[in-house]
Amino acid sequence: MSPKEHAPGVREALLQMRQSRGTAQLQYALERLQLFQKHRLEQKWYATIMAALNEIGKPDLAMTWFYSAQFHQVQLDPWMYTCAITSCARSKDASGACQLLKDMHDQGITVDTITYNATISACAKCGRWQEAEQLMLDMRGRGVP
């Protein structure tokens, strides 16, 4: 199957996840969604899935989708990285968030205010105030508004 052929199933699983009422329905929706992880999807679906998982408090599952995109050699874009950094922030993984931000810089991927703020949030949640302050200075130094 081509990546586009998975779109209806992914869309349906995401809708089911968002509309689930109760633990059993949510678990079923998450299991359906996970079935698609073994397939290469269109690029846009990875960040969409990660954002939805972050919204329902499943940052660890969101990160598995980031790794899935890497595994399937999907072009990683700023939105995917920002979703991954948000996952790190919600999991209180400041080191992971900072590493992802560094990876973005190293790969020449555009880093915007939202991405910096997610990384700063991860540092703040872990009490790493000096790193958060350094990120703000770095952001200004790079001309990010």
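Where does G127 sit? In the loop that links helix 7 (113–125) to helix 8 (129–141). Some notes on that and the rest follow.

1. Ground rules. This is a predicted model, so to speak of local features takes pLDDT of at least 70 and side-chain atom pairs count only at pLDDT 80 or more, while totals for chains, interfaces and linings use all residues. Numbering runs from 1 along each chain as its sequence is written, and side-chain values use heavy atoms, with hydrogens and water left out.

2. G127 is partly exposed, at 39% relative accessible area (buried is under 20%, exposed over 50%, partly exposed in between, with a 1.4 Å probe and protein chains only). Between G127 and A29 there are 98 residues in sequence and 35 Å in space, C-alpha to C-alpha. Helices here are DSSP runs of H or I with at least four residues, numbered from the N terminus.

3. Helix 3. Of the 13 residues in helix 3 (residues 43–55), 10 are buried, so the rest of the structure largely encloses it. Among them are W45, Y46, I49, M50 and L53. These buried residues pack against helix 1 (7–19), helix 2, helix 4 and helix 5 (contact means heavy atoms within 4.5 Å). After helix 3 comes G57, with a positive phi near 80°.

4. Helix 2 against helix 4. Helix 2 (residues 23–35) packs on helix 4 at about 10°, axes 12 Å apart; the axes are lines fitted to C-alpha atoms over the stretch in contact, and angles run from 0 to 180 degrees between N-to-C directions. The two helices are therefore roughly parallel (angles under 35 degrees). L30, L33 and Q34 of helix 2 meet L61, T64 and W65 of helix 4.

5. Aromatics. There are 3 aromatic pairs in the structure (ring centres of Phe, Tyr or the six-membered ring of Trp within 6.5 Å). F66 and Y81 have ring centres 5.2 Å apart and planes at 65°, so they pair edge-to-face (planes over 60 degrees apart). F66 is in helix 4 and Y81 in helix 5, so this pair ties together parts 15 residues apart in sequence. Both F66 and Y81 are buried, and F66, Y67 and Y81 form one aromatic cluster.

6. D77. This one deserves a look. D77 is in the loop between helix 4 (59–71) and helix 5 (78–90). D77 is buried but has no salt bridge, and the nearest side chain of opposite charge, K44, is 11 Å away. A salt bridge here needs a side-chain nitrogen of Lys or Arg within 4 Å of a carboxyl oxygen of Asp or Glu; Lys and Arg count as positive, Asp and Glu as negative, with His and the chain ends not counted. Setting aside neighbours within four places in sequence, D77 is in contact with Q43 and I109.

Methods. Rings of Phe, Tyr and Trp (its six-membered ring) pair if their centres lie within 6.5 Å; planes under 30 degrees apart count as stacked, over 60 as edge-to-face and the rest as tilted. Angles under 35 degrees count as roughly parallel, over 145 as roughly antiparallel, 65 to 115 as roughly perpendicular and the rest as oblique.
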